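Here are my notes on the model, as numbered points. Please read them with the structure open.

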Amino acid sequence: MNPRAESLSFQGHGLLDRRGFLSRSATALGSVALTHLLGREGLLAAQPDASAVLADLAHPNRPRPPHFSPKAQNVIVIFCAGAVSQLETWDYKPELHRWHDKPMPGGPAVTFQGPAGNLARPQYAFRPRGQTGKMVSDLIPHLAELTDDIAFVHSLTSKSNTHGPAENFLSTGFALDGFPSVGSWIGYALGTDNQDLPAFVSLLDPRGVPQNGSNNWGSGFLPATFQGTTWSAQNPVRHLSAPGITREADQAARRLLGQLNQRHLEAHPGDEKLAARIASYELAARMQLSVPEISDLSTEPAYILRAYGADDTGHPIKAGFARNCILARRLVERGVRFVQLFNGAYASGGELNWDGHNKLKEQYDRHASILDQPAAALIRDLRQRGLLENTLVVWCTEFGRMPFFQKGAQGRDHNPDGFTCWMTGAGIRKGVSHGVTDELGRAAVKDIHPLYDFNATLLHLLGLDHERLTFEHNGVQRRLTNVEGHVIREILA
Amino acid sequence: MPCFIPVWIRHLALAFWGAVPLLAEATNNPGTHWAFQPLSQAEPPQPKAVGWARTVPDLWILDALERAGIEPSPEADRIAWLRRVHFDLTGLPPTPEEALAFQRDPRPDATERVVESLLQSPAYGERWGQQWLDVVRYADTHGFEVNTERPNAWPYRDYVIRAFNADTPYPDFIRQQLAGDQHGRDAATGFLVTASVLLPGQIGADDISKRLARQDALDEIVVNTAQSFLGLSIGCARCHDHKFDPISSRDYFGMQAFFAGVEYGDRELTDLETQTRREDIRRWKERKAAVVATLSRLEPLARPGTPTGNSPSGSTAARVALKARMNSDRFAAVTTRRIRFTVLETNSLEPCIDELEVWDLESRNVALASLGTQVRSSGDTTVENRHELRFIHDGQYGNSHSWMSHEKGRGWVVLEFPEPRRIDRVSWARDREGVFSDRLATAYRIEVGTDSGDWITVADASDRKPFEGRNPTADEWELPAAALAELDPRSRQQTQTLLDERLRLERAIAGAVASQHAFAGIFRKPDRIHLLRRGDPEQPGPEVSPAVPEVLGTVRLPADAPEPQRRHALANWLTQPNAPLIARVMVNRIWQGHFGTGLVDTPSDFGRTGSRPSHSGLLDWLAREFIANGGSAKHLHRLIVLSSTYRQSSGHRKEAAALDADARLLWRYPARRLDSEPIRDAMLTVSGELNRQRGGRGFDLFDQRGGLSGFKPVESFSAEGLRRMIYAHKVRREPEAVFGAFDCPDAGQSTSRRRESTTPIQALNLWNSRFTLERSSALARRVRREAGSLPQNQVQRAFLLTLSRHATTAEEQEALEALRGQDLEVLCRALLNSNEFLFIP
């Protein structure tokens, strides 16, 4: 053994044996890897590395520096469950008018749900928007006004054409169940600024949980503390108060618990786990105050409620989604790192989300009336408050839809081969359309980007190298991007 | 794309001190990795300090401590050891009586006695089974977006618990899980299919989707087998040769070929226990038929042709509402050779009837084909082995043995008896198994044939209340309440007894029928397995036959080997005597269960990226000892919990921590927080509410047992809900509302070691949840009952129940102070949240 190793502690020996090999992986090289590994085991002073969190599970949300200087501090992801058709929104395909009601030459006979029908023209009129003249459909007039600030990626692909695995893939980088979601990775990497609030909040649509449920905000094999805390304007965080317990009884019990734990700690000096649990109760007590304060939208002025559509009593679902949008803004204002804002609920034949198989136009009219004004108002509000300087806003959906209708139906089937998501805000180049699908919108043909690239870009904007953000699980250094991923530089400012 | 270490990385790595020998080992001699080597035969070391060691493992621990210059810690107090060993072996705290008795037990073998009684307790398997279920990511739903219920998964969970309780030799445990169908342990093969899976109907209709879904399903089996038994992550080799371990893509697909005939699905159980249960079911069904026949004499007669709106609802003449699960039509006895059932209207689609029964005066079902009765119909929708005309009188219930008409909303069936029968009742249903309620005949007519060829209507729907939708609690046969009220007291008593018996039988049958099947895999002709480029099913390479990884063995079968032989061969290979890797992996899991960290701290990775053991001699000695004792886990538990190492105090010592912060050398017992299940179980234990019912269908944590539309947590538990948490119906990926936050695995991927995180969400859950408040109340009631009304006594009892010790004077004072003007619940809530309650000391 190398003489220098003789002077190492027991853990040091263990590391040399084991990590010496590990460090040769393509992702963790030379001295970077060694400091990473030693730092992780608490053998060196804290390193600017996400893994340090494992040595300090008592303070999982403590802010940690990124790999390099970040463009964005916070993220809001507007997640449209059910697969929004790119052809009715952002990806203008005039050729489809010419080909309307004709079979697609060389097109597939059978797609996800069954036999393919004829090509179908976009169900909404497109018109040029803003300075760039970007063609966007009339389905989403409010969001369409923001196109000058948006960077579109039109050439994304997914690994699955099934909602569950595809939402897994979008949210976790793996089609299988059980991997950590992007918000969990980011909380694990960076912690959060506000210690009185969770690092990662998932705001659920008023109509219900999205198609793939908690997999979209699960922590997989990362420590449980990094999972998204579900919340919404309708359903606040659970267990914020004890039902039926008076304030006096609550305080008496809390005081007594403090005394019990203090005596126990004195009898077990030096045990950080015990101190951490005591601290967690103090944090919890602060959350009991801060969460209701944030959820209370009565302090928002009327013009704000109106701008978001939160006062639309005639359209309670839209008003509910609008309240979630306001909540999203309030969360990032207070330093919450990652907010997932769901638009669309579970599988329901396209009734409650964007899964337009049969009656696409009829259903999209309804869904867009919920999404459009509130989401656009959120982005404007962030910009107006200067929050967009530090906040990245992502709009995404798990895959796109086919250029033809399904046989015997007025809707489009799943299409993982070329679809659109976009980003705006911190670090994003304005008014870009990157990547191209073929003239019928069937598949990406230029600058093709698997969703790995989209997630790699998201991490990059937060100052994280997707290849260095790793966690060891059962012998594999896992990443959000598996062994793939390239940052999409064309959409960076 | 083979991607062993590229040259440029090697060059960089060479510059990195310490790595050179390992690198050479990896690239030149893939087979020399330590974990693949034969077990060391080294004798235990002889540490300098004499008299400390109690069991052989102590010799290694003490020797390593001496080398590091660290003293072991003093022995923990008796109560600390007692709580430790109770939680470790059973996941439950000791009772106050057990604590006091042990404290006073002067016998030299008092500790041995405690350990024996814990190992014999069924609670042992309920704790250690959980750790195995974590590894194999067991759940009671199918996962992915749809996350539907997997209703027959639990027989595997029960198998695991029982296997631990029986101290099943480890080779048998392996063999049964891979090929239990060949060894009288049907449910054990649930191991093969524990993963999330997309079921038919959830997979795309296109062939690419189907091929990918099949590959994913097979991959999960390979990964589970390799991780659980071999401690190797060979899943990487699905897409490329393994970067670190000597596992090639060919090795990976060779392993996959062993499972190429396994499908995810329910299998009918055939083991002895199930056969006995089947006989029970037959008897119970017979008895139930007799009971119902007797009771049905009290049913009101059908009055066909009753004008709409005229059906008298309150009188004894009123008939019960139409149901999907069971309808009975009684009429005045009549002799006939033919009976016709005509559907006039349905609640949806083509009518479907699972069984049409016609009862004679001796309560015999004369409709049965086995009695020579013939059937014809207006026309059928035939789905082979599901909907066929013959199924309407084959004696079998449920949608998969039913008749479906060829027309929407209508259709008829005629039964013709071989000779005239005297009959007075017909019973029929859409689905007696209670799954389906569509396609129900909501208007119908029952007619008997006359000798002259005419038809006379004996019953119809006109005097029934309409179908009210499914009603799980009252879907079976029922007697109108008014009919019972009408009876004289004595008859009413007798009738009630029969009604109760019917209900009991019904439940017994339902329970037993449910356990006829287990989600334990279906075995069929194997698929051909090809090496897939980059793991892509659309890029098949050469065909691969079943084979174990080259570096580990030589077992290889022909490409056309039949299904059972494949799993049999794999099981044989994994259970060959003296397999060093397999024994090392398992003894390490057991060690980890006691100390929180294994000798190898990467319990499912014994490959190159995994850790080296902290005490390699000890690991190998334990593995030898394990093998020599037939793979007995309980033997290892005894060696460990009776050791001096395990008996050390958990007190923190600065000078020792400076040398070994994580106590990997075990200079102290590493105290740790209870896992989620033991917290819940312990709360229920001390509140006196724990329901010790074992096995069977899981209790509900949510308002539904599967599905995609969100899960509303059950807030308040009673009866079944107070069972141990391992008996909860585990919804994949849906954290339990209170305890999920305590690092409870979500059953998405394998969890070989639970993290121990500390978060404010945990604190909110444990402080404010209704679960805690209800346990606090129950504990307070118990304390008042057991300690009387004197506050001092109450405080002392509450401490003894929760912490196995009395309160100190200071603690008693503080508690009494807190209780001034407050209820005892305040103390109970604080104790249930206290660090002392929640930590293994």
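1. In chain B, the axes of helix H3 (residues 56-68) and helix H17 (residues 616-628) come within 9 Å and cross at roughly 170°. Axes here are lines fitted to C-alpha atoms, for helices over the stretch in contact, with angles from 0 to 180 degrees between N-to-C directions. H3(B) and H17(B) are therefore roughly antiparallel to each other (the term applies to angles over 145 degrees). Helices (H or I, at least four residues) and strands (E, at least two) are DSSP runs, numbered from the N terminus.

2. On the H3(B) side, Val56(B), Pro57(B) and Trp60(B) meet Gly617(B), Leu618(B), Trp621(B) and Leu622(B) of H17(B) (contact: C-beta atoms, placed from the backbone, within 7 Å). By class, this contact has six nonpolar, one polar and no charged residues; Val, Leu, Trp and Pro count among the nonpolar, Gly as polar, and Asp, Glu, Lys and Arg as charged.

3. The model is predicted; local features need pLDDT of at least 70 and side-chain atom pairs pLDDT 80 or more, while totals for chains, interfaces and linings use all residues. Residues are numbered from 1 along each chain as its sequence is written, and chains are lettered from A and ligands numbered from 1 in the order in which they are written.

4. Chain A has an open, antiparallel sheet of four strands, ordered E2-E3-E11-E12 (strands pair if DSSP finds at least two bridges between them). Its edge strands, E2 (110-111) and E12 (412-415), each pair on one side only. Two bridges join E3 (residues 114-119) to E11 (residues 400-406) in chain A, and Leu119(A) stands opposite Phe404(A) in E11(A).

5. In chain B, the C-alpha centres of domain 3 and domain 4 lie 47 Å apart. Domain 3 covers 169-268 + 515-576 and domain 4 covers 299-486, with bounds from an automatic or database domain assignment.

Terms used: Angles under 35 degrees count as roughly parallel, over 145 as roughly antiparallel, 65 to 115 as roughly perpendicular and the rest as oblique. Two residues are in contact if their C-beta atoms, placed from the backbone, lie within 7 Å.
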